[in-house]
Amino acid sequence: QRCRDVSDHLQFITTALQDHHRFEDGAIWPALLPRIPDETARHVRKVEGQHSTLDVATAAMGAAMACWGLGAASRPREVLVAVLERLASALVVHMDFEERCVVPLMEQHIRHDEWNQMIQNAASGVDADRMPLLFGMNMYEGDSDIVEQVIASMPSELQPAIRDTAERAYSQHAQLIHGTTKPPRSSEVHA
């Protein structure tokens, strides 16, 4: 059962990552690129390339998980760990670059109302069963000001309940996967 729980967790995370990158590639970059100078557009192009690299690493993780899931024997486990370490390393590099070089461009060139509309459009495509855990993870890991902005952009009837529902979903998931409701945040693990 533990093997299945971890496998489901990794699949959830990679699906969320792929959805996030499709959102950026399909909605954010097309809105941003025409508004920025060519010398900064290269940053967006670099992030797009990183998305492709992460897609390859995610596919390798899927293959390694399939072998590991057959019984978590020593060799497949070692291969999976190595693949996950490479994926984590590539993600840290990607997120650092995106935060430093692309997010400021987004903040400067995409209006708040446009951003809210993009978020609402993206959220409408997410499986409703996945939303509480996904948002709970973002609440736990993310910037509290951004979390509050996202909640404020949600339909008013959802706002009171989403925080409790998402926190509860994440706490239950974290307990199952990490053995605690308050695991180290990614910034603490990769500091």
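Which residues in α5 meet which residues in α7? In this predicted model, local features need pLDDT of at least 70 and side-chain atom pairs count only at pLDDT 80 or more, whereas totals for chains, interfaces and linings use all residues. Residues are numbered from 1 along each chain as its sequence is written, and side-chain values use heavy atoms, with hydrogens and water left out.

On the α5 side, P132, L133, F135, G136, M137, M139 and Y140 meet I162, R163, T165, A166, E167, A169, Y170 and H173 of α7 (contact: heavy atoms within 4.5 Å).

Because 8 of its 11 residues are buried, α5 is largely enclosed by the rest of the structure; buried means under 20% relative accessible area with a 1.4 Å probe, protein chains only. The buried residues of α5 are P132, L133, L134, F135, G136, M137, M139 and Y140, and what covers them includes α1, α6 and α7.

F135 is also among the residues, with W29, L32, V102 and M106, that touch the most other members of the largest nonpolar core, which has 27 residues; such a core is a set of buried Ala, Val, Leu, Ile, Met, Phe, Trp, Tyr and Cys residues joined through side-chain atoms within 4.5 Å. The largest share of this core, 6 residues, comes from α3.

Notes: Helix = DSSP H or I, 4+ residues; strand = E, 2+ residues; numbered from the N terminus. Buried < 20%, exposed > 50% of the residue type's maximum accessible area, 1.4 Å probe, protein only.
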